[in-house]
Amino acid sequence: QDFVGQLKPVLKPLELDIANLGSIFWIHPMLAQAPRSLKHLPAKLNDRYAKFFHSLCHKGVYLAPSGYEVGFMSLAHTSDVMTLALEKFKEAGSELL
């Protein structure tokens, strides 16, 4: 949950948001309220997400390749790993602005 809270301000300038339930998270377009069905998602969701995905991949952070997929955190994601990932998210976000 702390990682998600720290990631929200990084995603906001990219007009992205993050939702989570336990260890499952989803980076989605920033909307007035979290989307609950496919009809609430913008048509070009993957275009925006793809740029972020590729930037993170080049930095060693792998997310699901589609903006329609969720991610999972596990016990392998230690505090040090999450801190490093957050830095990479910030770098990628800055590059895309």
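Modeller: Buried means under 20% relative accessible area, exposed means over 50%, and partly exposed lies in between, with a 1.4 Å probe and protein chains only. This is a predicted model, in which local features need pLDDT of at least 70 and side-chain atom pairs count only at pLDDT 80 or more, while totals for chains, interfaces and linings use all residues. Residues are numbered from 1 along each chain as its sequence is written, and side-chain values use heavy atoms, with hydrogens and water left out.

Biologist: Does Phe72 count as buried or exposed?

Modeller: Phe72 is placed in strand 3 (residues 71-72), where strands (E, at least two residues) and helices (H or I, at least four) are DSSP runs numbered from the N terminus. Because its relative accessibility is 55%, Phe72 counts as exposed.

Biologist: Which residues touch Met82, not counting those up to four places away in sequence?

Modeller: Met82 lies in helix 3 (residues 79-96), and at 14% relative accessibility Met82 counts as buried. The C-alpha atoms of Met82 and Phe3 are separated by 7.1 Å, although the two are 79 residues apart along the chain. With contact meaning heavy atoms within 4.5 Å, the residues that Met82 touches are Phe3, Met73 and His77.

Biologist: Which residues of the largest nonpolar core touch the most other members?

Modeller: A nonpolar core is a set of buried Ala, Val, Leu, Ile, Met, Phe, Trp, Tyr and Cys residues joined through side-chain atoms within 4.5 Å. Of the 22 residues in the largest one, those touching the most other members are Leu7, Ile27, Phe52, Leu63 and Phe89.

Biologist: How many residues apart in sequence are the parts that the pair of Phe3 and Phe89 ties together?

Modeller: Rings of Phe, Tyr and Trp (its six-membered ring) pair if their centres lie within 6.5 Å, and planes under 30 degrees apart count as stacked, over 60 as edge-to-face and the rest as tilted. The structure holds four such aromatic pairs. In one of them the rings of Phe3 and Phe89 have centres 6.0 Å apart and planes at 75°, so the pair is edge-to-face. Since Phe3 lies in helix 1 and Phe89 in helix 3, the pair ties together parts whose separation in sequence is 86 residues.

Biologist: How far apart are the centres of the rings of Phe53 and Tyr62?

Modeller: Phe53 counts as buried at 8% relative accessibility, whereas Tyr62, at 60%, counts as exposed. Their ring planes stand at 75°, so the pair is edge-to-face, and the distance between the ring centres is 5.7 Å.
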